[in-house]
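Please read them with the structure open.

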Amino acid sequence: MKTSWEYLSYSLNESMSGYGNGDRIQISRIRNQAEGHSSNNTAISLPSHFGTHIDYPLHFDLNGKSGNDYEADFFIFDHPKVIELEPISSDNHLLISPDYLGNFDYSDLTDILIIKTGYCYKRSDNEYWQNNPGFAPETAAFLKEKLPNLRAIGFDSISLSSYQHREIGRIAHREFLSVNDILIIEDMDLTFIDSNTIFKQIIVSPFRFDLADGAPVTVLANILHEV
């Protein structure tokens, strides 16, 4: 057996869409050696909820925790689990409910749950933000009951909120973040993993700034491979 470290997050670029086709990242070269400057230097501007990113309770709760309220070791997960859903059709604007997740085997030790919807294969299409699957509010309590040590979920949809069910999505965010204390990692790159992937560890590294309600993250996965 051997292991390798892999990215489960996207490299940000200006062609990537945001939730609701909202604001995108802006990248500009402000110093350029090709133009006679002594160094290369780049400026970036982006929303805190863009690309692969984490949601903190402050996102939908004025009294909720911000990024400052989590110690560094919170973001190291030693008991990851991945589940892979059946292909999701955009026609029904699916809300992932407990019924949809009830047939999987769960371990009490799981501290981060990675849910592959298959939408990562549509990341460059408008369908990715127009018809993304979201989560039903009651799914938060269901997962917390099944997985009492769960601290975060991550998935390959642009948001926990389906763009077609935005009000339900706001309720679902509060149920996950504030009521059940489960952080949310949205818009993950899960193209190279499946239900057979064995994780030894996942590290989530958020961009840090004061009073963050969310932040772009780099997600690193230590994956076990059979030789």
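1. Glu 127 counts as partly exposed, at 22% relative accessibility. Here buried means under 20% relative accessible area, exposed over 50%, and partly exposed in between, with a 1.4 Å probe and protein chains only. Glu 127 forms a salt bridge with Lys 122, whose closest N atom is 2.8 Å from the O atom. Lys 122 is also partly exposed, with a relative accessibility of 21%.

2. The model is predicted: local features need pLDDT of at least 70 and side-chain atom pairs count only at pLDDT 80 or more, while totals for chains, interfaces and linings use all residues. Residues are numbered from 1 along each chain as its sequence is written, and side-chain values use heavy atoms, with hydrogens and water left out.

3. A salt bridge is taken as a side-chain nitrogen of Lys or Arg within 4 Å of a carboxyl oxygen of Asp or Glu. By this rule there are four salt bridges. Side chains of opposite charge can pair when their charged atoms come close.

4. One of the salt bridges is between Arg 151 and Asp 111, at 3.4 Å from N to O. This pair links distant parts of the chain, 40 residues apart. Arg 151 is in the loop between helix H3 (138–146) and strand S10 (152–155), and Asp 111 is in the loop between helix H1 (98–101) and strand S8 (112–116). Helices (H or I, at least four residues) and strands (E, at least two) are DSSP runs numbered from the N terminus. Asp 111 is buried, with a relative accessible area of 6%, whereas Arg 151 is partly exposed at 22%.

5. The salt bridge between Arg 170 and Glu 167 has an N to O distance of 2.7 Å. Both residues lie in helix H4 (residues 166–179), three residues apart, about one turn of the helix. Arg 170 is partly exposed at 35% relative accessibility, and Glu 167 is partly exposed at 45%.

6. Strands pair if DSSP finds at least two bridges between them. S8 and S10 run parallel and are joined by four bridges, with Ile 153 as the bridge partner of Leu 113. S10 and strand S11 (residues 183–186) also run parallel, joined by three bridges. Leu 183 in S11 is the bridge partner of Ala 152.

7. The 14 residues of H4 reach 19 Å from first C-alpha to last, close to the 20 Å expected at 1.5 Å a residue (1.5 Å times one less than the number of residues). The buried residues of H4 are Gly 169, Ala 172, His 173, Phe 176 and Leu 177. They cover an arc of only 110 degrees around the axis, which puts them on the same side of H4; the arc is that of the directions from the helix axis to the C-beta atoms. Their cover includes S10 and S11. Just after H4, Asp 181 takes a positive phi of about 55 degrees.

8. Ser 157, in the loop between S10 and H4, is buried at 0% relative accessibility. Ser 157 touches Tyr 128, Asn 132, Pro 133, Glu 186 and Asp 187, leaving aside residues up to four places away in sequence. Contact means heavy atoms within 4.5 Å.
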